[in-house]
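Here's a quick briefing on this one, chain contact to start with, then a helix pair and a sheet. Have the structure open as you read.

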Amino acid sequence: MNELSVNHLLGIKHLNVDDINLIFKTADHFKEVINRSIKKVPSLRDITIANLFFENSTRTKLSFELAEKRLSADVINFSSAQSSVKKGETLIDTVNNILSMKVDMVVLRHPNPGAAELLANNVNATIINAGDGANEHPTQALLDSYSIRERLDDLKNKNILIVGDISHSRVALSNIYALQLQGANVMVCGPKTLIPKYLHKLGVIVEHDFLKALKWCDVVNMLRLQNERMTDSFFPSVREYVQQYGLTLEILNSLDKEIYIMHPGPINRGVEISSDVADSKNSIILDQVENGVAIRMAIIYLLAQKKPLNK
Amino acid sequence: MSKNIILNKNEIGIILNRLACQLIENHQDFSNTILIGLQPNGKTLLNRLAQILTNKYDISELNYGLLDITFYRDDFRRNEKILEANTTDNLHVEGKNVVFIDDVLFTGRTIRAALTAVETFGRPNNIELLTLIDRRFSRHLPIQPDYRGRQIDVYENQKVIVDWNNDIVDDCVYIINKL
C-alpha cells in the first residue's frame, strides 16, 4: 500500500495498521532527510498550511511548523489569544475566512473534543488534528509508537504502560488505539479518580499499584497532570501523588530489568518524573521530539498526496 | 505483449566493460570520485559497474551510494501514480567528482531532481551522468549523458525496460508498447 486510507488525520481510531506502517516507512525517509546539511525538500512548495492553535502549545506547534517548512510549504500561524474568536466568531467562520486566502491544509488544536471532525465535515481543506480536548492527539501517538519501534523493532506482544492522568489525556487515548492496532499489550496506571471507569472495555489492563505495573512493562510513558482540564479535586495533594506515582531513579534501579522511559512533554520535573530519570540513558524523551518532526512531515506529505492538483 | 529485444546479455557485458573503462579514463584511481546510483533503477547498474571496476580493474578505493529523488520530483500531486520513496545512503559529496548512474535517460526530469537532491549533502566539484540507454529526441530539459551505453530512437508510446539477470532471464534490454 502506498497511500493513506483517510483524507484527513482526525484520530488514530480512523486509521488501520497499513496506514501506520506507511506513515512510519515515509517517516524513515524524512528522518534521513532532516539529518542532511540541507534539511529541506521541495515537495509541498505549492501548498499553504494554516496552523490554528486555540490552545497553548510549544512542542507540537513548533514541530508542525518545522515539518511544514522542511517540506517547503507556505505556513500561516494563528493563535486564538490574538484573534477575532474573542469577538464571538464561530470556529467554522474563522476557518472559512482563512481558507478564502487559498489555504490547502489546516492543523487544528482546539479545547473541544470533535472540533477537528467538525471542520473536516464542514470546510473544504485537509484537516490534521493536533489535539482536540481530551479526545485524541494522533500525531503524538504516532511519534510515540515510532520511537518505541526504533528501540524494540516491533510492538507485537510488547508491554506498554501509560501512567498518570488518563482521564484528561488525549495522548493516552490516541496511544491506546495506536499501540493496540500494532499488537502491543497496554496497561494504564494511576489513581482511581484519574482513570475512566469503563477504560477496561477498550481491552486495556487497569492497575493502581505503580511498582507492580513497572515490573510488567517494557516501556513506560509518563503523563503529566492535566491541571488545566481538571474541574475538581482528584487526589489529596501533589505530594501524595508524587509518592505513589512519581518515577524516580530509586524505583527504576529496584526493577530487575531495563525499561524505556517516555514522556510526551511538557515535563513537570519532580512530579510525575524525577530529573535524573528524565535525563537517564533509558529515557527516549528527546528521541520523541526529533521523531515528531519526521512523523509530521510524513503525515503532511501523505495527506497532500491524496489531493491531486487541480481537482 | 511483444518484446523487441535491443540488447542481449553479451552486448550488455561489452557495453558495461566499455563504460567502466571510460570512467577509469576520466577518474583514474577514483580517490576523489563518488558513483551515485539513482533509485530505484540505477541500483543494479551501479552494482554491476562497481563489480567490474573492483574485480577486473583493481580499483580499491571506490566510493559509491544510492540517491532517492522522490521528494525532489516535479510531478508531485500532478500524476495519477503514487510516488513511493526509497532509501538514500549518507553521501559524502563535498568537493567530490560525482557520477550519476541510471539505466535509461528519457525526459531528463529524474536527473534534474537528482541535481537538486544531491546538493542537500554538500557542494560537489562536478557532476557527470552515465546511462546505459539514452532515448534520443525525448528530452524535456537540456540534459545529456557524459557516458552512454547505447543511444536509441523510441516512440513516445513505447517503454524501454532494462531486465537484469535473475533466476528466470538473462540480462537484456527491450522495448514494449505502453498499454
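The contact between the chains draws on 17 residues from chain A and 14 residues from chain B. Keep in mind that this is a predicted model.

**Chain A's side of the contact**
- On the side of chain A that touches chain B, α1 (17-33) and α11 (285-305) of chain A each put in at least two residues.

**A helix pair in chain B**
- Helix α1 (residues 9-27) of chain B packs on helix α2 (residues 42-56) of chain B at about 65°, and their axes sit 10 Å apart.
- Angles of 65 to 115 degrees count as roughly perpendicular, so that's what we call α1(B) and α2(B).
- The crossing of α1(B) and α2(B) is right-handed.
- From α1(B), the contact uses Leu16(B), Asn17(B), Leu19(B) and Ala20(B); from α2(B), it uses Arg48(B), Leu49(B), Ile52(B) and Leu53(B).
- Sorted by type, the residues where α1(B) meets α2(B) are six nonpolar, one polar and one charged.

**A sheet in chain B**
- Chain B has an open sheet of three strands, ordered β1-β8-β7, with antiparallel pairing.
- β1 (4-7) and β7 (158-163) of chain B are the edge strands, each pairing on one side only.
- From one strand to the next, the twist averages 30°.
- Six bridges link β7(B) to strand β8 (residues 172-177) of chain B, in the antiparallel sense.
- To pick out one bridge, Lys159(B) has Ile176(B) in β8(B) as its partner.

Definitions and conventions. Residues numbered from 1 in each chain as written. Chains lettered and ligands numbered in written order. Predicted model: local features only at pLDDT ≥ 70, side-chain atom pairs only at ≥ 80, totals over all residues. Contact = placed C-beta atoms within 7 Å. Helix = DSSP H or I, 4+ residues; strand = E, 2+ residues; numbered from the N terminus. Axes fitted to C-alpha atoms, helices over the stretch in contact; angles between N-to-C directions. Parallel < 35°, antiparallel > 145°, perpendicular 65-115°, else oblique. Left-handed = near helix turned anticlockwise from the far one by under 90°. Nonpolar A, V, L, I, M, F, W, Y, C, P; charged D, E, K, R; others polar. Pairing = 2+ DSSP bridges.
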